[in-house]
Structures are given as structure tokens and as C-alpha cells.
Amino acid sequence: MSAKATMSHGNDTYTDQIHSEITEYLLSLGGKISNDYIQKLPCDGCGKNEAWTKVVDPTVIICNRKNNCGTNTHIKAIAPHLFTNWTKRYPSSKADPKASARAYLQSRGLDPNKFEYEQGTWKERGHHITTVAFSVRWTSKRWHRLLDIPKGIEGKTRWDKAEGDSYQGHAWTTGEIDPSQPLWMVEGILEVLSVQQGLGLQAAATFSAQHIPTKFYESLDRSQEIIVALNSDQAGQDGTHKNLEQLKKLGFN
Ligand SMILES: [Zn+2]
């Protein structure tokens with residue numbers, strides 16, 4: 001009897017789903033299974049074949065040269081091909097029209113059963129790009145996260161093309177805001193979902209660092225605790241200042 005290839009944890013994460021593909025790839029790199037470990041793996045830091053990982057959970061590759069290297073590398077960095085090509089690897093069908101979108105969301109550590117989304121197609125420069133699409137409450141236009149982005153396509157997100165503003169003044173949430181809980185303002189829809197599901201925090205998306213969701217802020221109780229947590233790049237820092245200024249003007253503490 002061997003329990004080697006048995007999952008140690010019950011939750012069905014994306015890396016659990018691709019467990020056999022990860023193992024196969026690590027063995028193709030020269031990895032050797034020895035009891036509970038895959039050893040003799042090439043280290044992403046020093047290049048020596050002295051890294052190892054666990055058979056049950058091969059998501060982190062650890063260099064055994066503790067004093068000279070000791071690099072830990074996530075499987076995503078070593079096998080990026082297992083974290084892309086969603087449309088090819090998880091083709092949608094009539095029976096399962098959201099297969100590609102679902103696999104992508106799971107790869108981001110999200111449980112897609114807990115929120116509404118669609119799989120869409122975005123046409124640009126002759127490409128038909130598969131997307132994860134989200135509806136918003138204030139317009140029939142949907143927000144798209146592009147998957148498998150071809151060369152020559154700028155950015156990762158789009159709004160359906162139609163007359164009128166897409167999100168001016170608004171912020172995206174999964175439901176009503178609970179004024180007794182702090183509210184985290186982040187930039188993207190997928191970040192809102194990560195913060196909610198991963199950290200159990202209440203969050204809303206501004207859609208961009210430059211955008212101030214004033215109508216949304218106006219709808220909130222003035223006692224609402226708001227934490228502006230935009231991206232740490234320059235645009236995010238500037239946007240954080242502008243949001244905080246606006247909140248002050250509107251009467252928030
Ligand atoms: Zn190393």
C-alpha cells in the first residue's frame with residue numbers, strides 16, 4: 001500500500017486538479033520520486049539539480065542548498081504553460097460553456113461557484129479572445145478579463161462597446177455594503193473576489209487607479225470605515241491620495 005499520490009487536503013484547488021500534470025512535468029525535468037518527495041529538481045535560483053518538493057503537494061519547489069541558495073519557487077514560475085492556454089486546455093462546449101473561464105478563475109485561487117460570471121468573446125484586431133465576463137448593476141455593458149492575450153493586444157480588460165459611460169462614479173461589489181465592517185477599495189473585480197474569499201474582507205473595485213467612484217461613496221453611510229488599497233505602483237499611490245481627498249470632502253473620517 002502506498003498513499004503517495006493521495007491528496008492530503010480535501011479542497012479542490014486548481015493545483016490539485018492539475019496535480020498529475022505538475023508531477024509529470026517535474027519528472028520530465030529530471031525529478032525522482034523518493035518516498036514522499038520529488039527530488040533532484042533543477043533549482044530556479046542556482047540552477048543545480050538539488051531542489052525538492054512534496055509528492056502530495058508539488059506547488060513549491062525548495063532548493064536544498066540552504067546556506068548557498070535556499071530559493072523557494074512556485075510551480076507557476078517553473079511551469080507557466082500549465083497556467084495559461086485556457087481555451088485550448090479547457091475548451092468550452094455546449095455542455096460546459098464556461099469551462100475556460102472557470103479554469104482560469106480556479107487558477108487564481110477563486111471558487112467560481114460563489115459568484116456570477118460568464119464566458120465571453122472579445123473581438124479585436126481580427127482576434128477572437130476568450131474572456132471572463134462580469135455584469136454590473138448600473139449598465140448592460142459587461143466588464144471582460146481577457147484570457148490568452150495575443151501579441152499586439154494592449155491591457156487585460158475591456159468594457160463592452162456601447163453608448164454612455166461604462167463605470168464613471170461606480171464601484172463593483174458582490175452585494176450590499178455592511179456599514180459595521182471595514183470596506184477595502186481595490187482596483188479590479190478579481191481582486192475583490194480574492195480579498196473576499198481569501199481574507200474574508202468586504203471589498204469593492206474602483207476599476208482603475210485613476211477613477212474615483214464618487215456616486216458609490218455618496219451611497220455609503222458616513223460612518224463606514226474605508227481602506228483604500230489600490231495597487232502599489234505610482235498610479236495606485238496617486239489614486240489612493242485622490243480617493244482619500246474625495247472621501248474627506250464627502251464627510252468620511
Ligand atoms: Zn538553489
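Domain bounds here come from an automatic or database domain assignment.

**Entry 1: ground rules.** I am working with a predicted model, where local features need pLDDT of at least 70, side-chain atom pairs count only at pLDDT 80 or more, and totals for chains, interfaces and linings use all residues. Residues are numbered from 1 along each chain as its sequence is written.

**Entry 2: domains.** I looked up the domain assignment of the chain. It gives domain 1 (14-82), domain 2 (85-159) and domain 3 (183-249). How far apart do the C-alpha centres of domain 2 and domain 3 lie? I found 23 Å. The contact takes 9 residues from domain 2 and 6 residues from domain 3. Two residues are in contact if their C-beta atoms, placed from the backbone, lie within 7 Å. I then sorted the domain 2 side by class: 4 nonpolar, 1 polar and 4 charged residues touch domain 3. Nonpolar covers Ala, Val, Leu, Ile, Met, Phe, Trp, Tyr, Cys and Pro; charged covers Asp, Glu, Lys and Arg; the others, Gly among them, are polar.

**Entry 3: helix α5.** Helices (H or I, at least four residues) and strands (E, at least two) are DSSP runs, numbered from the N terminus. I went to helix α5, residues 99-107, and found S100, A101, R102, A103, Y104 and L105 buried. Buried means 20 or more other C-beta atoms within 10 Å of the residue's own; exposed means 12 or fewer, and partly exposed lies in between, with C-beta atoms placed from the backbone. What do the buried residues of α5 pack against? I noted α4 (86-89), β6 (118-124) and β7 (127-134). G109 follows α5, and its phi is positive, near 80°.

**Entry 4: a parallel sheet.** I traced an open sheet of 3 strands, in the order β11-β10-β12, with parallel pairing. Strands pair if DSSP finds at least two bridges between them. β11 (202-205) and β12 (226-228) are the edge strands, each pairing on one side only. From one strand to the next, the twist averages 25°. Strand β10 (residues 183-186) is joined to β12 by 3 bridges. W184 stands opposite I227 in β12. Helix α6 (residues 189-199) lies across β10 and β11, at about 175° to β11. Such angles run from 0 to 180 degrees between N-to-C directions, with axes fitted as lines to C-alpha atoms, for helices over the stretch in contact.

**Entry 5: F216.** I found F216 in helix α7 (residues 214-218). Why does F216 count as buried? It does so because 21 other C-beta atoms lie within 10 Å. Leaving aside neighbours within four places in sequence, F216 is in contact with G169, H170, A171 and A204. I also checked W172: F216 and W172 are 44 residues apart in sequence, yet 8.9 Å apart in space, C-alpha to C-alpha.
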